Amino acid sequence: MGLGEAFAEALAARGANLVLVARSLDALNALAKRLTEQYGVQAIVLAVDLAERDAAMRISEELERQRIAVDLLVNNAGFGLTGEFLSNPLAREEDLVQVNIQALVGLSHRLGSAMAARNKGGIINVASNASFQPIPYMATYAASKAFVLHFSEALGHELAPRNVQVMATCPGPTSTRFFAATSADQPTIKMDAAEVVVRRTLEAFDRQEKVVYPGRSSVRITSWLPRFIPRALAVRAAAAASRGMGLH
Ligand SMILES: NC(=O)C1=CN([C@@H]2O[C@H](COP(=O)(O)OP(=O)(O)OC[C@H]3O[C@@H](n4cnc5c(N)ncnc54)[C@H](OP(=O)(O)O)[C@@H]3O)[C@@H](O)[C@H]2O)C=CC1
Ligand SMILES: CC(=O)[C@H](N)C(=O)O
């Protein structure tokens with residue numbers, strides 16, 4: 001199960017109506033049907049490719065057209081690229097920036113404006129334990145997650161007086177389809193379950209935390225370490241870890 005599906009299920013279990021956004025229409029429809037039947041909530045599906053530059057605008061216009069006010073935005077969609085930066089097609093690297101950063105900024109701006117106008121709302125942005133250090137052989141991905149973390153913390157400060165709560169969640173390796181799409185050799189046993197990561201994320205949001213580390217404690221420690229060692233050493237250590245995972 002991906003983190004998006006786990007968020008959708010956990011929120012449906014809390015009685016929330018859902019707007020599900022991704023590219024795979026059939027998978028979205030199947031999920032919407034299951035959650036509607038199981039939890040008695042409404043679920044609307046928007047099949048959108050967030051790599052398209054106008055995606056955030058099209059989503060917010062569709063929500064306006066359907067007169068849907070979003071109480072909680074979960075910016076979850078994202079993907080990773082591994083290997084040497086120069087060995088990846090530039091178009092894929094640019095898609096990553098578009099999906100992981102630009103779409104998140106666009107949706108935060110458009111839906112965040114509506115929330116601020118209503119003086120009520122929440123935004124959860126999915127960052128990563130990759131947010132805390134540069135990672136060679138996953139350079140753009142890690143940098144995109146550093147952006148998500150910093151952006152969320154700053155936006156949270158700006159929007160707090162408007163009663164819009166913003167939180168970044170920083171999961172460690174989680175058992176989803178994420179790694180299947182990369183060259184990473186990541187044993188499932190070392191991964192957290194998506195349901196656990198989401199439960200801890202939503203509990204932290206309920207406690208009004210600004211940043212949460214919903215992974216196992218070893219992941220949390222590796223998120224702290226880079227703050228205490230020279231940056232060049234952190235880069236070398238991250239490069240060694242990437243090589244160990246077969247990312248180079
Ligand atoms: N798994 C992990 O170890 C960790 C993951 N994360 C982050 O969690 C988030 C969710 O990833 P995860 O569940 O693990 O991975 P998955 O690959 O299982 O899920 C990724 C989700 O993003 C959607 N998505 C990807 N590209 C696009 C696009 N161009 N347009 C619209 N939707 C898109 C996918 O739907 P579809 O393909 O149908 O479009 C899918 O729902 C990501 O932001 C990831 O960076 C953070 C830390 C750890
Ligand atoms: C895919 C991720 O963000 C994950 N935290 C990792 O790289 O281990």
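This is a predicted model: local features need pLDDT of at least 70, side-chain atom pairs count only at pLDDT 80 or more; totals for chains, interfaces and linings use all residues.
Helix α5, formed by residues 139–159, comprises 21 residues and spans 30 Å from its first C-alpha to its last, close to the 30 Å expected at 1.5 Å a residue. Buried positions in α5 are Thr140, Tyr141, Ala142, Ser144, Lys145, Val148, Leu149 and Ser152. An α-helix has 3.6 residues a turn, so residues three or four places apart point the same way. The packing partners of the buried α5 residues are helix α4 (90–118) and the strands β4 (121–126), β5 (164–169) and β8 (211–212).

The strands that pack against α5 include β4, β5 and β8, and these belong to an open sheet of four strands in the order β3-β4-β5-β8, paired in parallel. Strands of a sheet pair through backbone hydrogen bonds, either parallel or antiparallel. Four bridges connect β3 with β4 in the parallel sense, and six bridges connect β4 with β5, likewise in parallel. Isoleucine 123 of β4 stands opposite leucine 73, and its bridge partner in β5 is valine 166. Five of the six residues of β5 are buried, so this strand is largely enclosed by the rest of the structure.

Asparagine 129 is located in the loop between β4 and α5. This residue counts as buried because 23 C-beta neighbours lie inside 10 Å, where the criterion for burial is 20 or more. Contacts of asparagine 129, leaving aside residues up to four places away in sequence, are made with Cys170, Pro171, Gly172, Gly215, Val219, Thr222 and Ser223. Proline 173 is 44 residues from asparagine 129 in sequence, and their C-alpha atoms are 8.2 Å apart. Asparagine 129 is also one of the residues around ligand 2, together with Gly80, Ser128, Ala130, Pro171, Gly172, Pro173 and Phe178. By class, this shell contains four nonpolar and four polar residues and no charged ones.

Threonine 174 is part of strand β6 (residues 174–175). With 25 C-beta neighbours inside 10 Å, threonine 174 is likewise classed as buried. When residues up to four places away in sequence are excluded, threonine 174 touches Leu3, Met191, Asp192, Ala194 and Val197. A distance of 8.3 Å separates its C-alpha atom from that of lysine 190, 16 residues away along the chain.

The shell around ligand 1 consists of 23 residues, of which Gly2, Arg23, Ser24, Gly78 and Thr176 come nearest. Its composition is twelve nonpolar, eight polar and three charged residues.

Taken as a whole, the protein contains eight helices and eight strands. The radius of gyration is 18 Å, which agrees with the value near 18 Å for a compact globule of 248 residues. Along the principal axes, the C-alpha atoms fill a box of roughly 50 × 40 × 35 Å. Buried residues account for 38% of the 248 residues. Of the contacts between residues at least 6 apart in sequence, 66% join residues at least 24 apart.

Notes: Residues are numbered from 1 along each chain as its sequence is written. Chains are lettered from A and ligands numbered from 1 in the order in which they are written. Helices (H or I, at least four residues) and strands (E, at least two) are DSSP runs, numbered from the N terminus. The radius of gyration is taken over C-alpha atoms; the globule rule is 2.2 Å times the number of residues to the power 0.38. A residue is buried if 20 or more other C-beta atoms lie within 10 Å of its own, exposed if 12 or fewer, and partly exposed in between; C-beta atoms are placed from the backbone. Two residues are in contact if their C-beta atoms, placed from the backbone, lie within 7 Å. A residue is near a molecule or strand if its C-beta atom, placed from the backbone, lies within 6 Å of it. Ala, Val, Leu, Ile, Met, Phe, Trp, Tyr, Cys and Pro count as nonpolar, Asp, Glu, Lys and Arg as charged, and the others, Gly among them, as polar. The expected span of a helix is 1.5 Å times one less than its number of residues. Two strands pair if DSSP finds at least two bridges between them.
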